[in-house]
Amino acid sequence: MGRKLRIRLNGDAHELAGPLTVTELLVRLEIDPRRVAVEHNLVVLKREFFDRTTVREGDELEIVNFVGGG
Amino acid sequence: MDLFTIADKTFSSRLIVGTGKYSSPAVMVQAHEASGAEMITVAVRRVNISDRTKESLLDYIDASKYVLLPNTAGCYTADEAVRTARLGREAGLSNWVKLEVIGDERTLFPDNEQLLEATRVLVREGFVVLPYTTDDPVVCRKLEDAGAAAIMPLGAPIGSGLGIQNVNNLRIIREFARVPLIVDAGVGTSSDASLAMELGADAVLMNTAIAGAQDPIGMAEAMKLAVRAGRLAYLSGRIPRKLYANASSPVEGLVGR
């Protein structure tokens, strides 16, 4: 295992073992990648980039999904 | 068939419904069914990281049956709305967005300046933008000029159930609008939906009027019929209003005269 990464995830501080890709992060959080969208440092990632995008120290991530609304 | 087209999609239903505020997913699914709607709105929110037990809304929505329309509800600036729209596009793999930029917490009235700015940005990025706006003909024209795929003036504040408050503004907007006119928000009951359609709206969008009814499934069917009735009345041409009576039965041949 590598060192601990400190990131902001959905507005909250998180520490996790890294380095890791966005796909690995979603797996660790038990989130189905087909049901969410991810913004990485203010850039929305296409799903095909989840595998190739590395989460680094200080990164800001937003993971969103659809909920009920009008 | 009386079809209705926005951008590249054609619909036979002129009722668009939401997914918020239902007492249970099962009731929502049945209400959607009863409404006959083909397009449904959804909101984009952060995934709850600490509690992953909650089911996803998409578990209950048959994406082959409905066009999903992500909204930017709750956004107060053009930047937030654009960010949310981009996330919604990736989550739903569709470039359609119901664009909301709110300007006031109590009324949830749109901030039309920010709305116009967000519309311009998203149109440039290839979105099909359906902006929720006030029933202001000047703003509606500006949104149309900015490339909106439809204009969606409110009938009354979101969730208020007050019904169509400014019939005359909607009539004026109807006169010039070249893109579909969708009355979004304010409907309380079926007659409000009929009225919107009688004024010439191409469609009506609602959430609370159905989800908040005592029987959402019954109300969904009422709305389906009301939208259809209002549309037929609009196409059929109502009679002019007259101050005095005009007898329906012959005035000749009366007994005893």
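Mentor: A polar contact is a pair of N or O atoms within 3.5 Å; within protein, one atom must be able to donate a hydrogen and the other to accept it, and residues adjacent in sequence count only if both atoms are side-chain atoms. This is a predicted model, in which local features need pLDDT of at least 70 and side-chain atom pairs count only at pLDDT 80 or more, while totals for chains, interfaces and linings use all residues. Residues are numbered from 1 along each chain as its sequence is written, chains are lettered from A and ligands numbered from 1 in the order in which they are written, and side-chain values use heavy atoms, without hydrogens and water.

Trainee: What joins the side chains of B:Lys98 and B:Glu100?
Mentor: A polar contact of 3.3 Å joins them, and the limit is 3.5 Å. B:Lys98 belongs to strand E6 (residues 96-99) of chain B; strands (E, at least two residues) and helices (H or I, at least four) are DSSP runs, numbered from the N terminus.

Trainee: Why is B:Lys98 called buried?
Mentor: Buried means under 20% relative accessible area, exposed over 50%, and partly exposed in between (1.4 Å probe, protein chains only). B:Lys98 has 3% relative accessibility and therefore counts as buried.

Trainee: Which side chain does A:Glu62 meet in a polar contact?
Mentor: The partner of A:Glu62 is B:Arg46, at 2.7 Å. A:Glu62 sits in strand E7 (residues 60-68) of chain A, and its relative accessibility is 14%, so it counts as buried.

Trainee: What makes the pairing of A:Arg35 with B:Asp59 a salt bridge?
Mentor: A salt bridge requires a side-chain nitrogen of Lys or Arg within 4 Å of a carboxyl oxygen of Asp or Glu. The side chains of A:Arg35 and B:Asp59 meet at 2.5 Å, N to O. A:Arg35 lies in the loop between H1 and E4 of chain A, and B:Asp59 in the loop between strand E4 (39-46) and strand E5 (67-70) of chain B, so the pair joins two chains. A:Arg35, at 28% relative accessibility, is partly exposed, as is B:Asp59 at 44%.

Trainee: How many salt bridges does the whole structure hold?
Mentor: A search over all chains finds 16.

Trainee: Why is B:Ser236 called exposed?
Mentor: Its relative accessible area is 58%, so B:Ser236 is exposed. B:Ser236 is placed in helix H8 (residues 216-236) of chain B.

Trainee: What makes the backbone of A:Glu30 worth noting?
Mentor: Most residues other than glycine have a negative phi, and most peptide bonds are trans. A:Glu30 is not a glycine, yet its phi is positive, about 60°. Its place is the loop between helix H1 (22-28) and strand E4 (37-40) of chain A.

Trainee: Which peptide bond is cis?
Mentor: The bond from A:Gly18 to A:Pro19 is cis, with omega near 5°.
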